[in-house]
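User: I would like to learn how to read a protein model step by step. Could you show me the structure and then take me through its features in turn?

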Amino acid sequence: MKTLKIFLLVAMLMAFAAIALSSQEESFVDDNDDTLDENSDIPWPENQQTTPTSLRGITNRFLAQASREAMTCDNYPRVCRAKGSPGPDCCKKKCVNVATDKTNCGKCGRKCKYPEICCKGACVNPMSNKKHCGGCNNKCKKGSTCSYGMCSYA
């Protein structure tokens, strides 16, 4: 038990030392450095800042980015039709697909109940629905039934 306390104390001291060292480090760019002249074809903006080595700089940069106006679909509906978007429809400032989204099934704000899933904009129970047995568009063959999400289980 005593060795565990000593181990934890040493670990805490190492963590504090690492934090203290990282907050004291600073990176500088020397404007009179001759190595920059060799790469004169590389654009170097005069107001470009170097990346910070401490967490304080990262936090400040993150907070500065958060203050920008977000591009939400209620202001810009075309955002939802862009490549990589979760869906083409806008519900409560979020892009969704109302044909498959459980919380916006068929229209915004329409939630499916617990065992149901959203298939083609309708809430269905995949455990017993013959057209969506076990998942969307999984039809059971003619004459079979859907039980427990499987066609002709029993």
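**Surface, fold and disulfides**

Analyst: The accessible surface of the chain comes to about 13100 Å², and 57% of that surface belongs to carbon and sulfur atoms; such areas come from the Shrake-Rupley method with a 1.4 Å probe, and for residues only the protein chains shown count as cover. This is a predicted model, in which local features need pLDDT of at least 70 and side-chain atom pairs count only at pLDDT 80 or more, while totals for chains, interfaces and linings use all residues. Residues are numbered from 1 along each chain as its sequence is written, and side-chain values use heavy atoms, with hydrogens and water left out.

User: How many helices and strands are there in the chain?

Analyst: Helices (H or I, at least four residues) and strands (E, at least two) are DSSP runs, numbered from the N terminus. Here the chain has three helices and six strands, and when it is read along the sequence the pattern is α-α-α-β-β-β-β-β-β.

User: What share of the residues in the chain is buried?

Analyst: Buried means under 20% relative accessible area, exposed means over 50%, and partly exposed lies in between, with a 1.4 Å probe and protein chains only. In this chain of 154 residues, buried residues make up 16%.

User: Which residues form a nonpolar patch on the surface?

Analyst: Patches are made of residues with over 30% relative accessible area and no salt bridge, where like charges are joined within 9 Å and nonpolar side chains (Val, Leu, Ile, Met, Phe, Trp, Tyr) within 5 Å. A salt bridge, in turn, is a side-chain nitrogen of Lys or Arg within 4 Å of a carboxyl oxygen of Asp or Glu. In this model M1, L4, F7 and L8 form such a nonpolar patch, with about 480 Å² of accessible area together. L8 is found in helix 1, which spans residues 2-24, and L8 is partly exposed, at a relative accessible area of 45%.

User: How many disulfides does the structure hold?

Analyst: The structure holds eight disulfides, and one of them joins C80 to C95, with an S to S distance of 2.1 Å. That pair links distant parts of the chain, since C80 sits in the loop between helix 3 (55-66) and strand 1 (89-91), whereas C95 is in strand 2 (residues 94-96), 15 residues apart. The torsion about the S-S bond of C80 and C95 is about -85°, so this disulfide is left-handed. C80 counts as buried at 3% relative accessibility, and C95 is buried too, with a relative accessible area of 16%.

User: Which parts of the chain does the pair of C91 and C108 tie together?

Analyst: C91 and C108 form a disulfide with their sulfur atoms 1.9 Å apart. C91 lies in strand 1 and C108 in the loop between strand 2 and strand 3 (117-119), so the pair ties together parts that are 17 residues apart in sequence. With -75° about the S-S bond, the link of C91 and C108 is left-handed. C91 counts as buried at 5% relative accessibility, while C108 is partly exposed at 43%.

User: Is the disulfide of C133 and C146 left-handed or right-handed?

Analyst: The torsion about the S-S bond of C133 and C146 is about 90°, so the disulfide is right-handed, and the two sulfur atoms are 2.2 Å apart. C133 counts as buried at 1% relative accessibility, and C146 is buried with a relative accessible area of 9%.

User: What does S144 touch, and where is S144 found?

Analyst: Contact means heavy atoms within 4.5 Å. S144 touches K130, C151 and S152, not counting residues up to four places away in sequence. S144 is found in the loop between strand 4 (122-124) and strand 5 (146-147), and S144 counts as buried at 9% relative accessibility. The side chain of S144 also reaches the backbone oxygen of K141 at 2.7 Å.

User: How far apart are K102 and C112 in space?

Analyst: K102 and C112 are 5.6 Å apart in space, C-alpha to C-alpha, and ten residues apart in sequence. K102 is found in the loop between strand 2 and strand 3 and counts as partly exposed at 39% relative accessibility.

Conventions: A polar contact is a pair of N or O atoms within 3.5 Å; within protein, one must be able to donate a hydrogen and the other to accept it, and residues adjacent in sequence count only if both atoms are side-chain atoms. A disulfide is a pair of cysteine sulfur atoms within 2.5 Å.
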